[in-house]
Amino acid sequence: MCLFESNAIAYYVANDQLRGGKDPVAQAQVLQWLNFADSDILPAACTWVFPTLGIMQFNKQNTERAKEDITKAMTALNDHLLHHTFLVGERLTVADISVACTMISLYQNVLDAGFR
């Protein structure tokens, strides 16, 4: 067996707690947040951050759209975390780790205090 893709590998090597415990709903929620990171955060983060690093040509329209998408994603995260300590359950899961890692480049390169 050969696994590829970081979230699949992280989910495979994680212990039960990091996968959401024994509850199938919690496990599905972990996968939900992994997909949220990949689908809602990562493309917009790359579109916004890569031009600042010289990896991609700057496009004002695409960057503005990426900022809107990141704002929506951060609003969804903020709304959820207003009532929860972690993304899933009462302990750290792969969901928290994946979402945080997906957002690192944003915090390091483009999110100023006003945006946060």
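**View 1. Surroundings of Ile41 in the predicted model.** Leaving out residues up to four places away in sequence, Ile41 touches Phe36, Ile70, Ala73, Leu77, Val99, Thr102, Met103 and Leu106. Contact here is defined by heavy atoms within 4.5 Å. The model is predicted: local features require pLDDT of at least 70, side-chain atom pairs count only at pLDDT 80 or more, and totals for chains, interfaces and linings use all residues. Residues are numbered from 1 along each chain as its sequence is written, and side-chain values use heavy atoms, with hydrogens and water left out.

**View 2. The largest nonpolar core.** This core has 26 residues, of which Trp33, Ile41, Ile70, Leu77, Val99 and Leu106 touch the most other members. Two or more residues come from each of α2 (24–53), α3 (60–81) and α4 (94–109). Helix α2 gives the largest share, eleven residues. A nonpolar core is a set of buried Ala, Val, Leu, Ile, Met, Phe, Trp, Tyr and Cys residues joined through side-chain atoms within 4.5 Å. Buried means under 20% relative accessible area, exposed over 50%, and partly exposed in between, with a 1.4 Å probe and protein chains only. Helices (H or I, at least four residues) and strands (E, at least two) are DSSP runs numbered from the N terminus.

**View 3. The aromatic pair Trp33 and Phe36.** The count of aromatic pairs comes to one. The ring centres of Trp33 and Phe36 are 5.2 Å apart and the planes stand at 80 degrees, so the pair is edge-to-face. Rings of Phe, Tyr and Trp (its six-membered ring) pair if their centres lie within 6.5 Å; planes under 30 degrees apart are stacked, over 60 edge-to-face, and the rest tilted. Both Trp33 and Phe36 lie in helix α2, three residues apart, about one turn of the helix. Trp33 and Phe36 are both buried.

**View 4. Thr102 in helix α4.** Thr102 is located in helix α4 and counts as buried because its relative accessibility is 13%. A polar atom of the Thr102 side chain lies 2.7 Å from the backbone oxygen of Ser98. Apart from neighbours within four places in sequence, Thr102 is in contact with Ala37, Ile41, Leu42 and Ala45.

**View 5. Glu5, before α1.** Glu5 sits in the segment before α1 (6–13). Although Glu5 is not a glycine, its phi is positive, at about 85 degrees. Glu5 counts as partly exposed because its relative accessibility is 36%.

How values were computed. Polar contact = N/O pair within 3.5 Å; in protein donor to acceptor, adjacent residues only side chain to side chain.
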